[in-house]
Amino acid sequence: MNEMFFYCQDCNGKINLDQLALLDQGKCPICGSNYGFSSSPKGEHDQFEGAVVLNDTDFLQ
Ligand SMILES: [Zn+2]
């Protein structure tokens, strides 16, 4: 089973799909903001800045 997670775009807290469905007016259960959620963690691109970049073929091997 491939569970999906979503990340608060304010505090970057991780919730699962069940929790997302139960949100009170879209507010984060952790920090209470309504910035919204994304399937990618906030700042993911910053995190990889300067790191080795893998392209798609690397993952297919
Ligand atoms: Zn939050």
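Residues are called buried when their relative accessible area is under 20%, exposed when it is over 50%, and partly exposed in between, using a 1.4 Å probe and protein chains only. By this rule Asn12 counts as partly exposed, because its relative accessibility is 30%. The structure is a predicted model, in which local features need pLDDT of at least 70 and side-chain atom pairs count only at pLDDT 80 or more, while totals for chains, interfaces and linings use all residues. Residues are numbered from 1 along each chain as its sequence is written, and side-chain values use heavy atoms, with hydrogens and water left out.

**Overall fold**

- The protein chain has 3 helices and 3 strands, where helices (H or I, at least four residues) and strands (E, at least two) are DSSP runs numbered from the N terminus.
- Read along the sequence, these elements follow the pattern β-β-α-β-α-α.
- Of the 61 residues in the protein chain, buried residues make up 16%.
- Among the contacts in the protein chain with a separation of 6 or more, 39% are between residues 24 or more positions apart, a contact being heavy atoms within 4.5 Å.

**The zinc site**

- The zinc ion has as its protein donors the SG atoms of Cys8, Cys11, Cys28 and Cys31, which lie 2.3 Å from it; donors are N, O and S atoms within 2.8 Å of the metal (3.2 Å for Na, K and Ca), and since water is not among the atoms, sites may look incomplete.
- The arrangement is tetrahedral because the 4 donor atoms subtend angles of 106 to 114° around the zinc ion, and four donors count as tetrahedral if all angles lie between 85 and 135 degrees.
- Along the chain, the donors of the zinc ion follow the spacing C-x2-C-x16-C-x2-C.
- Cys8 counts as buried because its relative accessibility is 0%, and Cys28 is buried at 3%, whereas Cys31, at 36%, is partly exposed.
- The count of disulfides comes to 0, a disulfide being a pair of cysteine sulfur atoms within 2.5 Å.

**The sheet**

- The 3 strands form an open sheet in the order β2-β1-β3, with antiparallel pairing; two strands pair if DSSP finds at least two bridges between them.
- Strands β2 (14–16) and β3 (37–38) stand at the edges with a single partner strand each, so one side of each is left without a neighbour in the sheet.
- Strands of a sheet pair through backbone hydrogen bonds, either parallel or antiparallel.
- Strand β1 (residues 5–8) pairs with β3 over 2 bridges, in which Cys8 is the bridge partner of Phe37 and Tyr7 is the bridge partner of Ser38.
- Between β1 and β2 there are 3 bridges in the antiparallel sense, and Phe6 has Ile15 of β2 as its bridge partner.
- The hairpin formed by β1 and β2 has 5 residues between the two strands, with Asn12 in the turn.

**The nonpolar core**

- The largest nonpolar core has 6 residues, namely Phe6, Cys8, Ile15, Leu23, Cys28 and Phe37; such a core is a set of buried Ala, Val, Leu, Ile, Met, Phe, Trp, Tyr and Cys residues joined through side-chain atoms within 4.5 Å.
- Leaving aside neighbours within four places in sequence, Cys28 is in contact with Cys8, Cys11, Ser33 and Phe37.

**Residues in the loops**

- Gln9 lies in the loop between β1 and β2 and is partly exposed, with a relative accessible area of 26%.
- Although Gln9 and Gly36 are 27 residues apart along the chain, their C-alpha atoms are separated by 5.9 Å, and Gly36 is one of the residues that Gln9 touches, not counting residues up to four places away in sequence.
- Lys27 has its place in the loop between α1 (17–21) and β3, and at 35% relative accessibility Lys27 counts as partly exposed.
- Not counting residues up to four places away in sequence, Lys27 touches Gly32, Ser33, Asn34 and Phe37.
- Most residues other than glycine have a negative phi, and most peptide bonds are trans.
- Asn12, however, has a positive phi of about 70° although it is not a glycine, and Asn12 is placed in the loop between β1 and β2.
- Gln25 also has a positive phi, near 55°, in a residue other than glycine; Gln25 is found in the loop between α1 and β3 and counts as exposed at 66% relative accessibility.

Technical notes:
Tetrahedral: all angles 85-135°; square planar, octahedral: opposite > 155°, others 65-115°.
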